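Reader: I'm new to reading protein models. Could you walk me through this one with a few questions and answers?

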Amino acid sequence: MTMTDSLTAPNSLRTQPDDRGHFGQFGGRYVAETLMPLILDLEKEYRAAKADPEFEEEFQYLLRHYVGRPNPLYYAQRLSEELGGAKIYLKREELNHTGAHKINNCIGQILLAKRMGKTRIIAETGAGQHGVATATVAALFNIPCTIFMGALDVERQQPNVFRMKLLGAEVRAVESGARTLKDAMNEALRDWVANVHDTFYIIGTVAGPHPYPELVRDFQSVIGRETREQIMEAEGRLPDMLIAAVGGGSNAIGLFHPFLDDKDVEIVGVEAAGYGLETGQHAASIAGGFPGILHGNKTYLLQDEDGQITEAHSISAGLDYPGIGPEHAWLNDIGRVRYEPVTDKEALEAFQRLCRLEGIIPALESSHALAAVEKIAPTMGKDKIIVVNLSGRGDKDIFTVAKALGVEI
Amino acid sequence: MTADRISSTFARCRDEGRAALVTFITGGDPTPADTGAMLDALVAGGADLIELGMPFTDPMADGPAIQAANLRALGAGTKTADILAIATAFRQRHPHVPLILMGYANPMIRRGPDWFAKAAKEAGVDGVICVDIPTEEDQELGPALRAEGLHFIRLATPTTDKARLPAVLQGSSGFLYYVSVAGITGKQQAAQASIEAAIAHLKSGTDLPVAVGFGIRTPEQAAAVGTVADGVVVGSAIIDIIAAHGAAAAPHVQDYTASLRAALEQKEVAR
């Protein structure tokens, strides 16, 4: 089924957002007036690009020859046998160039930037994965690039900071607020508002003002489209369940979106529960937050009774954000996707199990999805199929994991 | 109509042949208990309209000075209830000075837009400026404010071109706040010529008074902008004084405000 089919199908869940960028009550364009004309322009350009076969052709060419797509849908036999229930397939996004799904979106957005004649790129990053992916495409397209990163994250993620610099990006350490991802995004917005004429902001997840949640989703949906074809080839049918970790939620929506209208496919998003929901130190915006407005969109946010944003915590820097993409907020409210919390501890255990059973070191983000698989798969019959998004590789996380396990390296 | 302190204030300033002085401070900076004295100092110094900032953890449109003021206020435990109490007390002390709440959407809508509009009205507030609710998202706050008779004051910017202006003006009342720089608060000032051109452009679409802000720090700058605008907004420079002197800042704030007012009074408003 193509995008055009879904747009004409009545009652499709794949036709969101509406023309004002709303997913039900969520999404929208909550930005300073300075940015409004720019965002309206971006939307117009995106519509034109989407309808342009040459744009699609260049996007597909780069995904194939530069990113290395399609990546495999791999049957994890030993993990499946160990858990003793459903057959588990891993969508191997970690095999992409730069080691995660982030590059899919960056390729799409840099092509948009080029199309719009922008001569400078900015991006925010938490753990540094989106920063590295952005610096990568900026190098490829020879466009100067500035990455905003919380000063605390700069300290915690030195290898990625060095990678970005090797790729020619300027890394700006953000000293405001708690000096993490949220503050990096504030600072990127401040930069953008002051440089609207020449700068393109490559947002790394399905959040921010419309049309970002939509266009990032569209660029990431290659994950779900490939998965459909690959599972049909391997099993001759669609899976019974999809599972993916959700921070902002771009790897998850990329896998989920092409399946939203397949009522028999159960869909589970996994939020980071940090030290546990009851401790208040987590990053589970749906389980522990309320609807509110931040960074250009309305969505579930971690906040206090006065609407002040509270700090998120997760062992996984990529999930350490107090919000979630607006389409996820909507999919939760309409009951199409179920969102489950997984703690740091559970994710660490799943991380180690995948290393030992399958010889794959998963990212801590993806380990949250794997931990949910470990809980759910044993309750399902051996004839059932789960696809889990292995969104990134864990090489970047070995220092964090070693520390958590009390190992000095 | 007693409710419309904003229009009558701009009218009075026009009659006096000068631009209105609009001053901004962050509520709760350095502490909620100190804010009343700072507001009194602004009025005593000659401020015509007051913008009271509602602190927010993530002030995306603000430069370092106002970011720090937000953090000081929140660090001192400032709650929404404190801001409303500060407004209520101000209104009792100053029955005629327009008071505008300025801030970001999330703290304003947390308990629902109707709750916020009603609470602001009861506190004696005249209008609201919300940085991150553009016309396209008016439903989030606009109807609730208008139902309480509060002005929803919109921002126009250098990127607000001819095609965009009608959208900005839709549902806008009180005055129009022209953000003279595409950027954050407290940074560089726009060139006088660009401000003049922008005001002419805005005036072609509305009869609302136009106040100009962002980057105005000195009496000389205020006087120059005052020759072409109906109002001059000063924020970060006052915040810097509060940052430097803390709870003892009030007399310094008053002196500085008086210097701005004196500068405005020396100039005829060219029409």
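Predicted model: local features only at pLDDT ≥ 70, side-chain atom pairs only at ≥ 80, totals over all residues.

Author: Residues are numbered from 1 along each chain as its sequence is written, chains are lettered from A and ligands numbered from 1 in the order in which they are written, and side-chain values use heavy atoms, with hydrogens and water left out.

Reader: At what angle do helix 3 and helix 11 of chain B pack?

Author: Helices here are DSSP runs (H or I, at least four residues), strands are E runs of at least two, and both are numbered from the N terminus. Axes are lines fitted to C-alpha atoms, for helices over the stretch in contact, and angles run from 0 to 180 degrees between N-to-C directions. For helix 3 (residues 64-75) and helix 11 (residues 236-245) of chain B, the axes are 9 Å apart and the angle is about 50 degrees.

Reader: What do we call that arrangement of helix 3 and helix 11 of chain B?

Author: Under 35 degrees is roughly parallel, over 145 roughly antiparallel, 65 to 115 roughly perpendicular, and the rest oblique. With an angle of about 50 degrees, helix 3 of chain B is therefore, relative to helix 11 of chain B, oblique.

Reader: Which residues of helix 11 of chain B make the contact?

Author: Contact means heavy atoms within 4.5 Å. Helix 3 of chain B brings B:Ala65, B:Ile66, B:Ala69 and B:Arg72, and helix 11 of chain B answers with B:Ser236, B:Ile239, B:Asp240 and B:Ala243.

Reader: Which helix gives the largest share of the lining of the largest pocket?

Author: Among the 21 lining residues, A:Arg156, A:Ile315, A:Phe399, A:Thr400 and A:Lys403 lie nearest the pocket's centre. Helix 8 (158-166), helix 15 (344-358) and helix 17 (398-404) of chain A each give two or more residues to the lining. The largest share, 4 residues, comes from helix 17 of chain A.

Reader: Where is A:Pro17, which a cis peptide bond joins to A:Gln16?

Author: The omega of that bond is about 0 degrees. As for its place, A:Pro17 is in the loop between helix 1 (3-8) and strand 1 (22-23) of chain A.

Reader: What is the phi of A:Thr98?

Author: A:Thr98 sits in the loop between strand 4 (87-91) and helix 5 (102-115) of chain A. Although A:Thr98 is not a glycine, its phi is positive, at about 75 degrees.

How values were computed:
1 Å grid on protein atoms, 1.4 Å probe; cavity = no way out; pocket = protein on both sides within 12 Å on 5 of 7 lines; lining within 4 Å.
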